[in-house]
Amino acid sequence: AYSMLDGKERVIFDRIKALDGKLAELGPSAEKERGFIRLRLAQEYWELAYLGLAHGKVLLHVLSQAEEHLKAALAVNPTEPGALLLLGRVHLKRGDAEDAAACFRKARDAGMPGEVVAPYLAEVAFMSRDFQGVRRHLGQLSTSAATKSPMAEVVQFWEPGN
C-alpha cells in the first residue's frame, strides 16, 4: 500500500514540476493561460491533501500552495465556479467554516449546480453546529442524489423525524 501511495505522490509531484515549468515559460501577455495553469497546480496540491499524502506541517503547506494558486487563478477569472468550489474545500479542510461557506455560495452563484454545492454547505452547517442548516442543505439534493449516491445514508439520517 505504501508503495502505491508513494507512486501516486511521485506522479503528482512530477505534474506539479511540469506545470511550474510551463508557468515559468509564459510571457506576460498569457494571462488566461497562466490562470488555467494556476488552477491545475491548485488541483494537484489539493490532490495531495485529499488523498491523505500530506500530514501535519506538510499538509498546511500543501493547502497553502493550493490556496495561493487558486487566488491567482481567480484573479484572472473571478467567477470560475470550479476554482471557487475548490477554494471552499481548502478552507473546509483547514476547519475555516465561514470562509468555506462564502466560497461555496460564490461557486453556486457563479453557476456551480446547487446539488454539487449542497453537501459542502451541509458540512459547513454541521461544523457550525447548525443542524437545521444541515437538513436544509441536504434537502436540496435531488431524489436521485439523495437515494442512489454515496450521500444516501447521510441524507436518510438527517431527514426530519430521524
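Colleague: What residues, by class, make up the lining of the second largest pocket?

Modeller: In this predicted model, the lining has five nonpolar, two polar and two charged residues. Ala, Val, Leu, Ile, Met, Phe, Trp, Tyr, Cys and Pro count as nonpolar, Asp, Glu, Lys and Arg as charged, and the others, Gly among them, as polar. Residues are numbered from 1 along each chain as its sequence is written, and side-chain values use heavy atoms, without hydrogens and water. Local features need pLDDT of at least 70 and side-chain atom pairs count only at pLDDT 80 or more, while totals for chains, interfaces and linings use all residues.

Colleague: Which residues line the second largest pocket, and what makes a residue part of a lining?

Modeller: They are Lys32, Gly35, Phe36, Leu39, Ala73, Val76, Asn77, Glu80 and Ala83. A lining residue has an atom within 4 Å of a pocket point; the points lie on a 1 Å grid over the protein atoms alone, and a pocket is an open set with protein on both sides within 12 Å along at least five of seven lines, whereas a cavity is a set where a 1.4 Å probe fits but cannot get out. α2 (31-50) and α3 (56-76) each give two or more residues, and the largest share, four residues, comes from α2.

Colleague: How many helices and strands does the chain have?

Modeller: Nine helices and zero strands. These are DSSP runs numbered from the N terminus: helices are H or I of at least four residues, strands E of at least two.

Colleague: Which residues of α2 and α4 make their contact?

Modeller: With contact meaning heavy atoms within 4.5 Å, they are Leu39, Ala42, Gln43, Trp46, Ala49 and Tyr50 of α2 and Ala83, Leu86, Arg89, Val90 and Lys93 of α4. These divide into eight nonpolar, one polar and two charged.

Colleague: Why is the link between Arg40 and Glu44 called a salt bridge?

Modeller: The side chains meet at 2.7 Å, N to O. A salt bridge needs a side-chain nitrogen of Lys or Arg within 4 Å of a carboxyl oxygen of Asp or Glu, so the pair qualifies. Side chains of opposite charge can pair when their charged atoms come close. Arg40 and Glu44 both lie in α2, four residues apart, about one turn of the helix. The whole structure has four salt bridges.
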